[in-house]
Amino acid sequence: MAEEVVRRAVSAFLARDLDAIIAVADSEIVVRSLLTEAERLLYHGHEGVRDWFDAVFGVFPDWHPEPQAATHSGQEAVVIPLHVTATAAGSRVPVDQMYWLGARVRAAKIIYFGFFRTEDDALDAVT
């Protein structure tokens with residue numbers, strides 16, 4: 001169940017559908033973002049999801065995560081590798097790398113959604 005909910009959020013992100021992301025997010029969700037960590041690492045609640053969404057697309061307007069097969073999927077936790085491509089808005093520096101999405105789900109809502117540089121870090125954060 002956790003993987004299905006998280007994949008819905010990723011699909012909504014790919015469609016740039018903020019309302020659909022909010023629909024699967026718990027009102028007290030915590031989002032951990034590597035892409036905006038210099039400015040802000042953690043975002044809280046639905047307003048935080050909105051701020052994170054705007055921040056990501058402000059820095060990387062073409063940010064595109066391509067989800068891979070989950071490396072961990074349990075009742076409440078999931079880790080999904082993401083191949084990310086993007087170009088920084090200001091510098092035009094391209095990004096082409098792997099990140100790991102770690103998420104925790106409770107009662108069919110995402111309570112934690114974080115991006116990590118390694119699979120082990122993602123797994124440690126959600127299990």
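Me: What should I know about the model first?
Reply: It is predicted, so local features need pLDDT of at least 70 and side-chain atom pairs count only at pLDDT 80 or more, while totals for chains, interfaces and linings use all residues. Residues are numbered from 1 along each chain as its sequence is written, and side-chain values use heavy atoms, with hydrogens and water left out.

Me: How many salt bridges does the structure hold?
Reply: There are 4, a salt bridge being a side-chain nitrogen of Lys or Arg within 4 Å of a carboxyl oxygen of Asp or Glu.

Me: Which residue pairs with Arg7, and how far apart are the closest N and O atoms?
Reply: Glu3 is the partner, at 2.9 Å. Both residues belong to helix 1 (residues 2-14), 4 residues apart; helices here are DSSP runs of H or I, at least four residues, and strands are runs of E, at least two, numbered from the N terminus.

Me: And where are Glu76 and Arg104?
Reply: Those two form a salt bridge with closest N and O atoms 3.1 Å apart. The pair links distant parts of the chain: Glu76 is in the loop between strand 4 (72-73) and strand 5 (77-87), and Arg104 is in strand 6 (residues 94-106).

Me: Changing topic, why does Arg32 count as buried?
Reply: Because its relative accessibility is 19%, and buried means under 20% relative accessible area, exposed over 50% and partly exposed in between (1.4 Å probe, protein chains only).

Me: What does Arg32 touch?
Reply: Its contacts (heavy atoms within 4.5 Å) include Leu41, Tyr112 and Phe115, not counting residues up to four places away in sequence.
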